[in-house]
Amino acid sequence: MGTNSSNAELPRRLPPPKMGERITVLSIDGGGIRGLIPSVIIASLEKKLRELDGPNARIADYFDLIAGTSTGALIATMLAIPEKGKKRPIAAEEIKKFYVDNGPKIFPPINGAWKMLRALWGPVYDGNFLRRKIKSMTGDLTFADTLTTILMPAFDVRRLNPITFSSYKVPPGGKEKKENKLRDVCIGTSAAPTFFQPHPFNAHYHDGMFRCGFHLIDGGVGANNPTMSAIMRVAREILCRNEDFPISERPVVDFTKYIIISLGTGSVRKVKRGRYTAEKCAKWGAFEWLLRIEWPWIGKELQTPLIDMYSHASDFLVDQNVAFLLQGHGCQEKYLRIQAMLDPWVKEAILSMDNATKENMDNLIGIGEDLLTKRVARVRKETGSYEPAPGERKTNEDELKHFAEILSDERKLRLKKQKEQAPQPPPGSVRTCS
């Protein structure tokens, strides 16, 4: 397994998959302030990588692709771009601090009644601080400037179509365009309906003759869990003969080569189960399907039925499809999904994407830390549900340690092959002392 022998080589970018035996993918769900949950898991993984390969280890040194939607896209960006004035990304443990410091400014506290009124007539938040923070963090960096490949789903309201932005180059035959700015895509994929306004921007093509306008909202509309998007994008690159992957006469996607870690921001399905019934829905008009006020025993609660249903359906199907795809290829042990299945008695405030009070952020950090001690859960083929596997004794932290060892060994193998395949200087070109 890994040792500290590769410390001197850690600053080097991870060589492409054709130099190794696996394709490594990290995926991070959307979920607003609940991004604190995966930030705890990622910090734990990076800590284990540092124990294997030294204090300079960073997540970007080990993954071929980091995918993220909405808040997950912000995390992916922080993991994959150099820190300002430096050549290396921030340590993963700093991401938690980013949320704690900036969460209350991104989601400033708003009186409940006033919040509901604003939601009826426009975005709840102006988004100015979030936009400034993203611009400050990414500057003029483009997808070409990332230290590993990243992928971000978004949804274009003008095209009525999900769009996936990534660091991969345009395939042969595609339209060649200049790289999109990271700041534009990060702002766009984070523009959750009812919370922030959509983000428009233009992509400029090299011929200078064509500008393609994007009108983006939160990528969670189509892919809140971007794991399947990441898997299929890698498959597309292989089929399009991307030179980073092994080239064969007939390109074939070998799913057994994938190593995938997928991190959720807390599933609220169990909590919201039973909230909507056929009897209730039968009485709704168009307005109530979009936005309705429920009067529980105490106070009032703003509900968004269609958003709830679409987002939960998308997450559930991705969980199932990825699990069954890999089970069908006999490699389910190479897929680790870590998701907090929040219980019905959890306070409603914790489920909110925009509750950035200190108390709630501490609760979310606690959920992430507790999740590390939980038994590994998988989608069971018999039921299709996500639950601890029968007889499973490993915790999520145990499994992260195992995956860290795989990632470390894969990096060392690639660096070794890259060194062996490096062009050697011609005889006599190197002078020696006699």
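## Basis

The model is predicted: local features need pLDDT of at least 70, side-chain atom pairs count only at pLDDT 80 or more, and totals for chains, interfaces and linings use all residues. Residues are numbered from 1 along each chain as its sequence is written, and side-chain values use heavy atoms, with hydrogens and water left out.

Helices (H or I, at least four residues) and strands (E, at least two) are DSSP runs, numbered from the N terminus.

The whole structure holds 19 salt bridges, a salt bridge being a side-chain nitrogen of Lys or Arg within 4 Å of a carboxyl oxygen of Asp or Glu. One of them joins Asp 29 and Arg 337, with 2.8 Å from N to O. Asp 29 sits in the loop between β1 (23-28) and α1 (36-53), while Arg 337 belongs to strand β10 (residues 335-338), 308 residues apart. Both Asp 29 and Arg 337 are buried (under 20% relative accessible area; exposed is over 50% and partly exposed in between, with a 1.4 Å probe and protein chains only).

Asp 53 and Lys 412 form another salt bridge, their closest N and O atoms 2.6 Å apart. Asp 53 is in helix α1 and Lys 412 in helix α15 (residues 396-421), so this pair ties together parts 359 residues apart in sequence. Asp 53 and Lys 412 are both buried.

In helix α3 (residues 93-106), Asp 101 and Lys 97 are four residues apart, about one turn of the helix. Their salt bridge has its closest N and O atoms 2.7 Å apart. Asp 101 is partly exposed at 37% relative accessibility, and Lys 97 is partly exposed at 45%.

A network of salt bridges links Arg 22, Asp 64, Glu 410 and Arg 414.

## Helices α8 and α12

The axes of α8 and helix α12 (residues 305-328) are 9 Å apart, at an angle of about 45°. Axes are lines fitted to C-alpha atoms, for helices over the stretch in contact, and angles run from 0 to 180 degrees between N-to-C directions. The two helices, α8 and α12, are therefore oblique to each other; angles under 35 degrees count as roughly parallel, over 145 as roughly antiparallel, 65 to 115 as roughly perpendicular and the rest as oblique.

In α8, Thr 227, Met 228, Ile 231 and Met 232 meet Val 318, Asn 321, Val 322 and Leu 325 of α12 (contact means heavy atoms within 4.5 Å).

## Ser 248

Ser 248 lies in the loop between α8 (227-239) and β7 (258-263). Ser 248 is partly exposed, at 34% relative accessible area.
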